[in-house]
Amino acid sequence: MSHMKTLLSPILSITDFFETYAKALEHYDTKTMAYLYNTPCTMISDDTTTVFNDLSRLEGFFNIGAGFYRQFGIAHVRPEIWTRRDWTGKIMNVKVNWQYFDEQKRPVYNCDYQYVLKTDKHYQWKIILSVSLNEKERVEEWKKKAGQ
């Protein structure tokens, strides 16, 4: 039975999953970022709720974000996983603090997200729900401090 569990375990650990996401962010690789999401998926914050039904629309959304990161000199990204809760064998809730740095690895800003991930038919984690807890506020604070 334990052999069967190994076969059905997700291919990437949660840490590896978010490290892959961070590398994609650093390289403005919106195709990989979109690939890490399930479709349909939902992104929510206090102000918006957006459902993406296809990867090309999701990738377009990430292209806008990549433009922001380029414009403000974000070159390094570090995900710090604060909590992870297995809801079932295939569904997990993860809280991540994203830390953004400039080219000299000086902190730019950080923000918190909650994610719900689910394994797909290939046993790979995919994000089905992304909740921005405070990114808008943190970016605004940082812009004020930086005089942007």
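F101 counts as buried, at 16% relative accessibility, where buried means under 20% relative accessible area, exposed over 50% and partly exposed in between, with a 1.4 Å probe and protein chains only. This is a predicted model, in which local features need pLDDT of at least 70 and side-chain atom pairs count only at pLDDT 80 or more, while totals for chains, interfaces and linings use all residues. Residues are numbered from 1 along each chain as its sequence is written, and side-chain values use heavy atoms, with hydrogens and water left out.

F101 is found in strand β4, residues 91-101, and here helices (H or I, at least four residues) and strands (E, at least two) are DSSP runs, numbered from the N terminus. Not counting residues up to four places away in sequence, F101 touches G73, I74, A75, H76, R78, R106, P107 and V108, a contact being heavy atoms within 4.5 Å. The C-alpha atoms of F101 and E26 are separated by 9.9 Å, although these two residues are 75 residues apart along the chain.

Once its neighbours within four places in sequence are left aside, Y21 is in contact with M33, L36, Y37, F62, W98 and I127. The C-alpha atoms of Y21 and Y35, which are 14 residues apart along the chain, are separated by 9.7 Å.

From these two residues we can turn to the charged side chains. Side chains of opposite charge can pair when their charged atoms come close. The structure holds 7 salt bridges, each defined as a side-chain nitrogen of Lys or Arg within 4 Å of a carboxyl oxygen of Asp or Glu. One of them is formed by D47 with K136, whose closest N and O atoms are 2.6 Å apart. This pair links distant parts of the chain, since D47 lies in the loop between β1 (37-44) and β2 (49-52) and K136 in helix α5 (residues 135-146), 89 residues apart. D47 counts as exposed at 55% relative accessibility, and K136 is exposed as well, with a relative accessible area of 51%.

The side chains of R138 and D112 also meet in a salt bridge, at 4.0 Å from N to O. R138 lies in helix α5 and D112 in strand β5 (residues 107-119), so the pair ties together parts that are 26 residues apart in sequence.

Most residues other than glycine have a negative phi, and most peptide bonds are trans. A cis peptide bond joins T39 and P40, with omega at about 5°, and P40 lies in strand β1. Y28, in the loop between α2 and α3 (30-35), has a positive phi near 55° and counts as partly exposed at 23% relative accessibility. Phi of Y123 is likewise positive, near 65°; Y123 is found in the loop between β5 and β6 (125-132) and is partly exposed at 29% relative accessibility.

Finally, consider the chain as a whole. The protein has 5 helices and 6 strands, and read along the sequence they follow the pattern α-α-α-β-β-α-β-β-β-β-α. The radius of gyration is 16 Å, close to the 15 Å that the globule rule gives for 148 residues, so the protein is as compact as a globular protein of that length; the radius is taken over C-alpha atoms, and the rule is 2.2 Å times the number of residues to the power 0.38. Along its principal axes the C-alpha trace spans about 60 × 30 × 25 Å. Buried residues make up 36% of the 148 residues, and among contacts between residues at least 6 apart in sequence, 49% join residues at least 24 apart.
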